[in-house]
Amino acid sequence: MCKDCGCSINHGQIKESVHSHEHTHDGHTHAHSHHHDDHEHHDHPHAHEHDHHEHRHEEIHANPQLNDKKTIAVITKILDANDTQAGHNREHFNEHGVLAINLMSSPGSGKTTLLEATIDTKAIKLAVIEGDLETNQDADRIIAKGAPAHQIATGQACHLDAFMVHEGLHHLPIEGLDVVFIENVGNLVCPASYDVGTHFNVVLLSVPEGDDKPAKYPVMFRAADVLLITKCDLLPYFDFSIEKAVREARKLNPKVDVIEIDSKCGKGIDTWVNYLKMKKAMR
Amino acid sequence: MHEFSIVNALLDLCEKNAIANNATKITKVEIKIGKLSGVEPCLLQTAFDTFKEETICDGAELVVHVQDLVVYCNICNAEYTLVKNEFECPTCKGTDMSVIDGEEMMLMRLEMDGN
């Protein structure tokens with residue numbers, strides 16, 4: 001680690017990153033370079049004009065004294081503001097004794113249909129914040145079933161963040177509810193990076209999508225606390241191995257719970273509702 | 001493709017730090033991107049170069065360090081770098097492990113001018 005500019009973030013863990021830079025200290029200019037590679041020796045921190053690679057920066061200042069550079073260590077999560085808001089959302093849920101669940105999956109894997117089937121059991125008092133790029137169709141479906149819902153149209157955004165969910169919460173009467181579902185934008189990539197302030201993540205994988213999805217979308221399936229394998233009535237028509245899907249999901253998250261569901265015929269809905277009741281009872 | 005949103009959050013964070021340090025310009029931004037953080041470093045680089053214009057980071061260089069997945073096995077009491085996305089201890093084959101690094105997106109360091 002270079003003590004002068006501190007350019008090595010975490011020496012020893014970063015491989016094949018070689019860079020050099022030129023900067024000023026009290027009016028004099030010098031250049032130096034480093035190898036961040038476990039298998040190579042570390043260059044002397046003040047090896048002048050080691051010009052042996054492609055990323056040499058040209059930061060020549062006419063008057064260094066007027067351009068005093070300062071390097072500061074920050075070490076903050078890039079999504080810090082989102083995470084703070086997420087924490088606030090969670091407090092809001094906690095104050096009202098409401099369990100909050102982030103529902104994520106590909107588009108068309110049955111998130112809204114699962115919620116409709118859940119409402120039909122009348123066993124759980126729930127409300128839904130819906131996220132879609134366009135239309136109120138999903139919120140309308142939930143409202144038609146008799147539960148409160150608020151639609152967030154994200155425009156072109158591919159995920160919900162904690163700020164959008166907070167805004168949505170102001171449109172939902174959450175007093176007296178058991179569960180608030182955040183039905184995220186259908187997408188197996190982006191929503192996984194954002195804490196929206198829920199208590200746990202439920203990820204759906206429908207049989208027609210294929211059992212290879214957990215391995216292909218590791219960040220999403222790693223984030224799942226519960227994996228719901230949906231549209232299970234279609235198993236005879238697809239080459240989908242539940243055993244393989246679960247094995248792949250557990251490689252990413254050994255603790256993930258799995259429920260096999262078919263929202264249309266009702267298979268697994270009892271297990272799902274009991275799971276929700278148990279989680280709610282522990283809040 | 002949520003790299004634009006990530007870059008927006010990053011630019012906000014840079015601006016906040018610049019104000020706190022009385023800086024007029026940020027010349028270099030160093031970030032650490034975990035291999036399992038869910039963003040693509042190349043796309044992040046492109047998004048940063050597109051959206052930095054007319055912000056405090058205009059002209060700034062973005063240095064992305066890609067962080068391997070580092071876990072701690074609670075059974076072996078040892079640290080491992082995982083090569084595959086399989087959360088199983090390479091030694092004891094146990095699954096009781098904690099992630100130490102490789103899932104986060106962090107702003108690590110800023111180089112700034114004019115204080």
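First, the conventions. Residues are numbered from 1 along each chain as its sequence is written, and chains are lettered from A and ligands numbered from 1 in the order in which they are written. Since the model is predicted, local features need pLDDT of at least 70 and side-chain atom pairs count only at pLDDT 80 or more, while totals for chains, interfaces and linings use all residues.

I start with chain B. Its secondary structure comes to two helices and six strands. Helices (H or I, at least four residues) and strands (E, at least two) are DSSP runs, numbered from the N terminus. The order along the sequence is α-β-α-β-β-β-β-β. Chain B has a radius of gyration of 17 Å, well over the 13 Å that the globule rule gives for 115 residues, so chain B is more spread out than a compact globule. That radius is taken over C-alpha atoms, and the globule rule is 2.2 Å times the number of residues to the power 0.38. Along the principal axes, the C-alpha atoms of chain B fill a box of roughly 55 × 30 × 15 Å.

Of the 115 residues in chain B, 42% count as buried. A residue is buried if 20 or more other C-beta atoms lie within 10 Å of its own, exposed if 12 or fewer, and partly exposed in between, with C-beta atoms placed from the backbone.

Now, how do the two chains meet? In numbers, 38 residues of chain B are in contact with 35 residues of chain A. Two residues are in contact if their C-beta atoms, placed from the backbone, lie within 7 Å. On the side of chain B that touches chain A, the elements giving two or more residues are H1, E1, E2 and E6 of chain B. E6(B) gives the most, with nine residues. By type, that side of chain B divides into 16 nonpolar, twelve polar and ten charged residues. Here Ala, Val, Leu, Ile, Met, Phe, Trp, Tyr, Cys and Pro count as nonpolar, Asp, Glu, Lys and Arg as charged, and the others, Gly among them, as polar.

Four strands form an open sheet in the order E3(A)-E6(B)-E1(B)-E2(B), with mixed pairing. Strand E3 (69–77) of chain A and strand E2 (61–67) of chain B stand at the edges, each with a single partner strand, so one side of each is left without a neighbour in the sheet. From one strand to the next the twist averages 15°. Two strands pair if DSSP finds at least two bridges between them. Across the chain boundary, E3(A) and E6(B) run antiparallel and are joined by seven bridges; Ile72(A) has Leu110(B) as its bridge partner there. Within chain B, strand E1 (residues 25–34) and E2(B) pair in the parallel sense over seven bridges, and Val29(B) is partnered by Leu62(B).

Which elements does helix H1 of chain B lie across? H1(B), residues 3–20, lies across E3 of chain A together with E1 and strand E6 (105–113) of chain B, at about 45° to E6(B). Helix H2 (residues 41–51) of chain B lies across E1 and E2 of chain B, at about 165° to E2(B). Axes are lines fitted to C-alpha atoms, for helices over the stretch in contact, and angles run from 0 to 180 degrees between N-to-C directions.

On to chain A, which has eight helices and ten strands. Buried residues make up 40% of its 283 residues.

Strand E4 (residues 99–104) of chain A has six of its six residues buried, so E4(A) is largely enclosed by the rest of the structure. Leu99(A), Ile101(A) and Leu103(A) are buried on one side, and Ala100(A), Asn102(A) and Met104(A) on the other. E4(A) runs parallel to E7(A), joined by five bridges, with Ile101(A) opposite Phe181(A). E4(A) also pairs with E8(A) in the parallel sense over four bridges, where Asn102(A) has Asn201(A) as its bridge partner.

Asp195(A) sits in the loop between strand E7 (179–183) and E8 of chain A. Is Asp195(A) buried or exposed? Asp195(A) is buried, with 20 other C-beta atoms within 10 Å. Leaving aside neighbours within four places in sequence, Asp195(A) is in contact with Asn82(A), Asp83(A), Ala86(A) and Ala162(A). Asp195(A) and Ala162(A) are 33 residues apart in sequence and 6.5 Å apart in space, C-alpha to C-alpha.
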